[in-house]
Amino acid sequence: MSAGEALVRAGLSGAWQLVSCTMTHPDGRIEHPFGPEPRGLIAYTADGWMACQMAGEPAGHSAYFGPVSVNEDGATVIHHVQGASHSRLSGDQLRRYRVSGDELLLSAQSGDSLVEVLWRRP
């Protein structure tokens, strides 16, 4: 199965608008790196690529792109980042995902903290 077919099967293909981005720290404190009204878009293409842009205060702007693969576990996707606005986003970025109706939740560990990014189909 091609990467694009796996994206379709997983329900990830297409464009998604950013709804929220939270970082939950081990002490329970919750941060909003892109503020209360973030802007952004993530897109997964039929030929197995992805591109992501997020903007808001206080973080400013974050962007990255590259091929993508969906793991057969049905719960994780890997963004194989080829270009990024920040060097910490380079390389393979493992994300847990959950698609529920028109919403996509991507999550990842950042050190000891959990980052959760909620997207919605436009």
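Q: Which element gives the most to the lining of the largest pocket?
A: This is a predicted model, in which local features need pLDDT of at least 70, side-chain atom pairs count only at pLDDT 80 or more, and totals for chains, interfaces and linings use all residues. With five residues, the top contributor is β9.

Q: What is the volume of the largest pocket?
A: A pocket is an open set of points on a 1 Å grid over the protein atoms alone, where a 1.4 Å probe fits, with protein on both sides within 12 Å along at least five of seven lines; lining residues have an atom within 4 Å of a point. Points are joined across faces, edges and corners, and the volume is the space filled by probe spheres set on them. For the largest pocket, that comes to about 540 Å³.

Q: Which residues lie closest to the centre of the largest pocket?
A: By class, its lining has 15 nonpolar, seven polar and two charged residues. Nonpolar here covers Ala, Val, Leu, Ile, Met, Phe, Trp, Tyr, Cys and Pro; Asp, Glu, Lys and Arg are charged, and the others, Gly among them, are polar. Of the 24 lining residues, those closest to the centre are M54, R88, L89, R95 and V115.

Q: Which helix gives the largest share of the lining of the second largest pocket?
A: This pocket holds about 160 Å³ of space. Its lining includes M1, A6, R9, A10 and Y97. Three of the lining residues come from the helix spanning residues 3-10 (helices are DSSP runs of H or I, at least four residues), namely α1.

Q: Which residues touch the most other members of the largest nonpolar core?
A: Such a core is a set of buried (under 20% relative accessible area, 1.4 Å probe, protein chains only) Ala, Val, Leu, Ile, Met, Phe, Trp, Tyr and Cys residues joined through side-chain atoms within 4.5 Å. Among its 26 residues, the ones touching the most other members are L12, Y44 and W119.

Methods:
Residues are numbered from 1 along each chain as its sequence is written. Side-chain values use heavy atoms; hydrogens and water are left out. Helices (H or I, at least four residues) and strands (E, at least two) are DSSP runs, numbered from the N terminus. Buried means under 20% relative accessible area, exposed over 50%, partly exposed in between (1.4 Å probe, protein chains only).
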